[in-house]
Amino acid sequence: MESVSDVNSLVKPGDPVQTHPWSRYVALGDSFTEGIGDPEPQNPGGFRGWADRVAEELGRGHEDFAYANLAIRGRLLQQIVDEQVGPCLELQPDLVSISAGGNDLIRPGGDPDLLAEKLDGAVQELASSGATVVLFNGPDTASSVLGRIRGKVAIYNENLRTVAARHDAIIADMWSLRQLADPRMWDEDRLHFSPLGHHTIAMMVLEALNVQHTLEPLAPKPLPVRTWREARSSDLVWAREYFVPWVIRRLRHRSSGDGITPKRPTPGPVFGPNGTMLPRG
């Protein structure tokens, strides 16, 4: 699919609203799609994220547009398939995004081939409903704390390209989004994306959908150069506050999503009649 960036994807807020064929969007997945790392107290669940940002753009000027988000943090691929695909189809969306498998790949024994086989069935079911399916591959983890699983992510991504081609799904290509190598794209826990990261990913998704939008690439100030002592201190704080609790949850077979429900379980408009953002779906 031709990138929207090649056909001037950026439109200004005052420009005529561009048309697209979708009226009901449902997002499936884990913490990535729930929006963890992009806090917004006024949003359902307290997080915004790339999916909300995409829905906001798709909803501009489309009074009949509705959006639901069934993603829950910590969910494994099989849980997403079992818990979210059925409810998604009941909502009768014409656009679905699904990002799954990342939490599985992080765990010991996560097999990228078996995971792709499981996801293939879910994508087939979603695509058979007539909905446009957006399928996320994984980002290049070479420069992150997840660098040890880079090989598994690469294998998984190649499998997902086959799955997408088989079911005429659209690939949201995280691996090729080189901006994500910038530390400012990541939350302080180094496992989730920051508001800037979610914003950048939303732009990529809209371009993959060939939808013109009003989002602009941000140009934040460069990170100040840190001394070795400052960098070491930051690493120790990160390990104490994020990495160690994450390991303990895995050892206890617990998930950060235990007891959490979807933030937008039913489709609803993004904007009100006067064009203002609605707080709930």
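1. Phe32 is buried in this predicted model, with a relative accessible area of 11%. The residue lies in helix α1, which spans residues 31-34, and the ring of Phe32 takes part in two edge-to-face pairs, one with Phe136 and one with Phe193.

2. In the pair of Phe32 with Phe136, the ring centres are 5.3 Å apart and the planes stand at 80°, an angle over 60 degrees, so the arrangement counts as edge-to-face. Phe136 belongs to strand β4 (residues 132-136), so the pair ties together parts of the chain that are 104 residues apart in sequence. Both Phe32 and Phe136 are buried.

3. The pair of Phe32 with Phe193 has 5.9 Å from centre to centre and 65° between the planes, and is again edge-to-face. Because Phe193 sits in the loop between β5 (170-172) and α7 while Phe32 is in α1, this pair ties together parts that are 161 residues apart in sequence. Phe193 counts as buried, at 5% relative accessibility.

4. A separate point concerns the packing of helix α3 (residues 77-90) with helix α5 (residues 112-128). Their axes come within 11 Å and cross at roughly 0°, which makes α3 roughly parallel to α5. From α3, the residues Leu77, Gln78, Val81, Val85, Cys88 and Leu89 meet Leu115, Lys118, Leu119, Ala122, Glu125 and Leu126 of α5. By class, this contact has nine nonpolar residues, one polar residue and two charged residues.

5. Asp82 also lies in α3, where it counts as exposed because its relative accessibility is 54%, over the 50% cut-off.

6. Asn210 is placed in the loop between α7 (195-208) and α8 (228-251), and at 46% relative accessibility it counts as partly exposed. Asn210 and His20 are 190 residues apart in sequence, and their C-alpha atoms are 8.8 Å apart in space.

7. As for the chain as a whole, eight helices and six strands are present, and the elements run β-α-α-β-α-β-α-α-β-α-β-α-α-β from the N terminus on. Of the 281 residues, 48% count as buried, and the accessible surface comes to about 14,200 Å², of which 52% belongs to carbon and sulfur atoms. Among contacts between residues at least 6 apart in sequence, 74% join residues at least 24 apart.

Conventions. Residues numbered from 1 in each chain as written. Predicted model: local features only at pLDDT ≥ 70, side-chain atom pairs only at ≥ 80, totals over all residues. Heavy atoms only, no water. Helix = DSSP H or I, 4+ residues; strand = E, 2+ residues; numbered from the N terminus. Buried < 20%, exposed > 50% of the residue type's maximum accessible area, 1.4 Å probe, protein only. Contact = heavy atoms within 4.5 Å. Areas by Shrake-Rupley, 256 points an atom, 1.4 Å probe, with all protein chains shown as cover. Axes fitted to C-alpha atoms, helices over the stretch in contact; angles between N-to-C directions. Parallel < 35°, antiparallel > 145°, perpendicular 65-115°, else oblique. Nonpolar A, V, L, I, M, F, W, Y, C, P; charged D, E, K, R; others polar. Phe/Tyr/Trp six-rings, centres within 6.5 Å; stacked < 30°, edge-to-face > 60°.
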